[in-house]
Amino acid sequence: MEPQQQTGSYSSFLASPESSYKHTSYFQVYDDLLKKYAGTDLTFVEVGVFNGGSLFMWRDFFGPKARIIGIDMNPGARKWQDHGFEIFIGSQSDPSFWSAFFKAVGPIDVFLDDGGHFFDQQIVTFECAIDSIKDGGLLLVEDTHTSFMNSFYGPSRLSFQSYAKMVADRINARHGPTRIPASMQSRAVYSVEFFESIVAFKIDRRKCIDGSPVFNRPPKESALDFAQTDRSIRANPAISTIRYLLRKISRLFRDLPILGPLVGQTLNDLANLDLLKYFVKR
Ligand SMILES: C[S@@+](CC[C@H](N)C(=O)[O-])C[C@H]1O[C@@H](n2cnc3c(N)ncnc32)[C@H](O)[C@@H]1O
């Protein structure tokens, strides 16, 4: 038996009386992230109704107390309202659809984007949904491999995967003295988890605190912090010195206007040429 076949979500997928279209790798992720909501009265939203099968799958998985809301551009999806699901018709690319939607439904526990899968749709949906996800809630985006597919206009510097990595980067801005502008700090995304074709954003504003260094107690006798002496203990002092100087000079350029950041970045890249092999296909 394949591992995903042992998951509760896969059993619910098979039990659905209507057709659903998922990937085999998703069921383990569903179980890992969503099992804790089973039996609760969560509000769950899925963008992408298609043949309706996943609505029944989620009802089976979460139980009868769950409020299950489906969204699709196809007006035919309305028929699933007769089965107790809330259905909204509109385009996930349209911010005005989202403002009306969230006004109507209120805050969401789990939001799953299984809609059109183009990265512009995924990004607009994320931006419009995030303020309506409850603390302790989840925003999941499926089929993120499309960021790398020709047929979905990928890869692109502005793809959803790039966007999600940027959101993950921004989490570090809460630490304080980074070069990520304060305006870009994330005050809602507590963590980001990357799976095969799924990105999960854990939303919790209460946990988005500004991190700062702290000692539990003063040291009895302070040890030398070797991070600062790294340059002198490297195997090749000449290369280490060049690297050190290039890094220092690069910092002088980064805040200069026009070509300054480019020159600064190039010098920094030169300083780290030995790392390049880890960034290219091997
Ligand atoms: C992959 S299917 C959904 C599969 C379904 N969740 C399941 O598990 O069987 C994608 C659905 O998204 C809908 N869709 C495509 N573009 C959309 C958009 N811009 N806004 C809303 N829904 C869209 C399509 O009509 C289609 O029904």
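This is a predicted model: local features need pLDDT of at least 70, side-chain atom pairs count only at pLDDT 80 or more; totals for chains, interfaces and linings use all residues.

Residues are numbered from 1 along each chain as its sequence is written, and side-chain values use heavy atoms, with hydrogens and water left out.

**The ligand and its surroundings**

- There are 19 residues around the ligand, and those that come nearest are Tyr21, Gly48, Asp72, Gln92 and Asp114; a residue counts as near if one of its heavy atoms lies within 4 Å of the molecule.
- Sorted by class, this shell holds four nonpolar, eleven polar and four charged residues, where Ala, Val, Leu, Ile, Met, Phe, Trp, Tyr, Cys and Pro count as nonpolar, Asp, Glu, Lys and Arg as charged, and the others, Gly among them, as polar.
- The ligand sits in the largest pocket. On a 1 Å grid over the protein atoms alone, a pocket is an open set of points with protein on both sides within 12 Å along at least five of seven lines, and a molecule sits in it if more than half of its atoms lie within 2 Å of its grid points.
- An N or O atom in the side chain of Ser54 is 3.2 Å from a nitrogen atom of the ligand, and a polar side-chain atom of Ser91 lies 3.3 Å from a nitrogen atom of the ligand.
- For Gln121, an N or O atom of the side chain is likewise 3.3 Å from a ligand nitrogen atom.
- On its own the ligand has 600 Å² of accessible area, of which the protein covers 86%; such areas come from the Shrake-Rupley method with a 1.4 Å probe, and for residues only the protein chains shown count as cover.

**Backbone exceptions**

- Most residues other than glycine have a negative phi, and most peptide bonds are trans.
- His117, in the loop between S4 and helix H5 (119–129), has a positive phi near 70° although the residue is not a glycine. Helices (H or I, at least four residues) and strands (E, at least two) are DSSP runs, numbered from the N terminus.
- His117 is buried, because its relative accessible area is 12% and buried means under 20%, exposed over 50% and partly exposed in between (1.4 Å probe, protein chains only).
- Ser197, placed in the loop between strand S6 (189–195) and strand S7 (198–203), also has a positive phi, of about 70°, without being a glycine, and Ser197 counts as buried because its relative accessibility is 7%.
- The peptide bond that joins Gly154 and Pro155 is cis, with omega about -10°, and Pro155 has its place in the loop between S5 and H6.

**A side-chain contact in a strand**

- Asp109 belongs to strand S4 (residues 108–113) and counts as buried because its relative accessibility is 13%.
- The side chains of Asp109 and Lys134 are joined by a polar contact of 3.1 Å, that is, a pair of N or O atoms within 3.5 Å of which, within protein, one must be able to donate a hydrogen and the other to accept it, and residues adjacent in sequence count only if both atoms are side-chain atoms.

**Places and separations along the chain**

- Ile69 lies in strand S2 (residues 67–72) and, at 0% relative accessibility, is buried; between the C-alpha atoms of Ile69 and Lys165, 96 residues apart in sequence, there are 28 Å.
- Tyr37 is in the loop between helix H2 (26–34) and strand S1 (43–47) and counts as buried at 8% relative accessibility, while Tyr37 and Phe88, 51 residues apart in sequence, are 23 Å apart from C-alpha to C-alpha.
- His145, in the loop between strand S5 (133–142) and helix H6 (160–171), counts as partly exposed at 26% relative accessibility, and its C-alpha atom is separated by 25 Å from that of Ser11, 134 residues away along the chain.
- Arg170 has its place in helix H6 and is partly exposed, with a relative accessible area of 21%; Arg170 and Gln5 are 165 residues apart in sequence and 36 Å apart in space, C-alpha to C-alpha.

Definitions and conventions:
On a 1 Å grid over the protein atoms alone, a cavity is a set of points where a 1.4 Å probe fits but cannot get out, and a pocket is an open set with protein on both sides within 12 Å along at least five of seven lines; lining residues have an atom within 4 Å of a point.
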